[in-house]
Amino acid sequence: MSSKANPGGLAFFALLIIWLVQRLIAIASSPFYGFLGESTGERIKRRLPLTTALDKGGGSEVTKVLPQIEVDIVLIKKEILEAIIQHAREDVPLECCGLLMGQGNLISHLRRMKNALQSPISYSMEPRALLRFFKELRSLQLIHLGIYHSHPTSEAYPSSVDVEQAYYPDCTYFIASLRSPSVRAFSILDRTVQEKEIQVID
Ligand SMILES: [Zn+2]
């Protein structure tokens, strides 16, 4: 076998190297892979309009423009929250339940309801008692804002039955747990549970 250099082969090899270098330069300066000056400059410019918008109106305005995570807040009078806990304690070992009303989004009134199931793991309200409640609601000109019940032995989180039977999408569902004493509030809409922040009003 001959080991002599083949001039044609060398020329082909040199062309291949040149082509590869050209490809590398093209890739490096393309917008997608860009890490050479020109394309980096382009990307910074695209961000500029946002920065300009944030700077308008002075630094204090910036937070109003920035996206924020929305957390639903429920307002409840202190005595009402305490009455929920009191009711939960009195009815141990059974689950207690009741209805909450108020104005705007402030819960200011509570009505204890009888747990028709008399059960430690579930609750139900009698239809006639519900009718009486809605009559009273109208006469007081208040809004039905919430429903509460207790979990004597489990966490303050809606059970699968609670989610299934959440018939009032506009209401806040309060659950008082006696296992690790706490009260938490939730909205339950289309079987989706979302916790609300409880803000207690004196
Ligand atoms: Zn429950």
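**Exercise 1. The hairpin of S2 and S3**

How many residues stand between S2 and S3 in their hairpin, and which residue in the turn has a positive phi?

Solution. The model is predicted. Step 1: locate the strands. S2 covers residues 97-103, and S3 covers residues 106-113. Step 2: look at the turn. Two residues lie between S2 and S3 in the hairpin. Gly104, in this turn, has a positive phi of about 60°. Step 3: check the pairing. S2 and S3 run antiparallel and share seven bridges.

**Exercise 2. The surroundings of S5**

Find the pairing partners of S5 and state how many of its residues are buried.

Solution. Step 1: take S4, residues 143-151. S4 and S5 pair in the parallel sense over six bridges. Tyr148 has Phe174 in S5 as its bridge partner. Step 2: take S6, residues 182-189. S5 and S6 pair in the antiparallel sense over five bridges, and a hairpin of four residues joins S5 to S6. Here Phe174 has Ala185 as its bridge partner, while Ile175 has Arg184. Phe174 is bridged to Tyr148 and to Ala185 in S6. Of the six residues of S5 (172-177), five are buried, and the strand is mostly covered.

**Exercise 3. The whole sheet**

In what order do the strands run in the closed barrel?

Solution. Step 1: the chain has six helices and seven strands. Read along the sequence, their pattern is α-α-α-β-α-β-β-α-β-α-β-β-β. Step 2: the barrel has seven strands, in the order S1-S3-S2-S4-S5-S6-S7. Its pairing is mixed; S4 with S5 is a parallel example, and S5 with S6 is an antiparallel one. Step 3: neighbouring strands of this sheet are turned by 40° against each other on average, with direction ignored.

**Exercise 4. The two sides of H4**

Which residues of H4 are buried, and why do they lie on the same side of the helix?

Solution. Step 1: H4 covers residues 78-90, 13 residues in total. From first C-alpha to last it reaches 19 Å, close to the expected 18 Å. Step 2: list the buried residues. They are Ile80, Leu81, Ile84 and Ala88. Step 3: these residues cover an arc of only 105° around the axis, so they are on the same side of H4. The general rule is that an α-helix has 3.6 residues a turn, so residues three or four places apart point the same way. Step 4: turn to the opposite face. The exposed residues Lys78 and Glu90 are on the face of H4 turned away from its buried side. Step 5: find what H4 lies across. H4 lies across S1, S2, S3, S4, S5, S6 and S7 (192-201), and runs at about 25° to S3.

**Exercise 5. H5 and its end**

Solution. Step 1: H5 spans residues 127-140 and has 14 residues. Step 2: the number of buried residues among them is zero, so H5 lies largely in the open. Step 3: Gln141 follows H5, with a positive phi near 55°. Gln141 is in the loop between H5 and S4. With 7 C-beta neighbours inside 10 Å, Gln141 counts as exposed.

**Exercise 6. Confidence**

Over which residues is the pLDDT below 50?

Solution. Step 1: the chain averages a pLDDT of 79, and 66% of the residues score at least 70. Step 2: the pLDDT is below 50 over residues 24-64. Beyond near neighbours in sequence, this stretch has 17 contacts in the model.

Methods
Residues numbered from 1 in each chain as written. Predicted model: local features only at pLDDT ≥ 70, side-chain atom pairs only at ≥ 80, totals over all residues. pLDDT = per-residue confidence, 0-100. Contact = placed C-beta atoms within 7 Å. Pairing = 2+ DSSP bridges. Buried ≥ 20, exposed ≤ 12 C-beta atoms within 10 Å, placed from the backbone. Expected span 1.5 Å × (residues − 1). Arc of directions from axis to C-beta. Axes fitted to C-alpha atoms, helices over the stretch in contact; angles between N-to-C directions.
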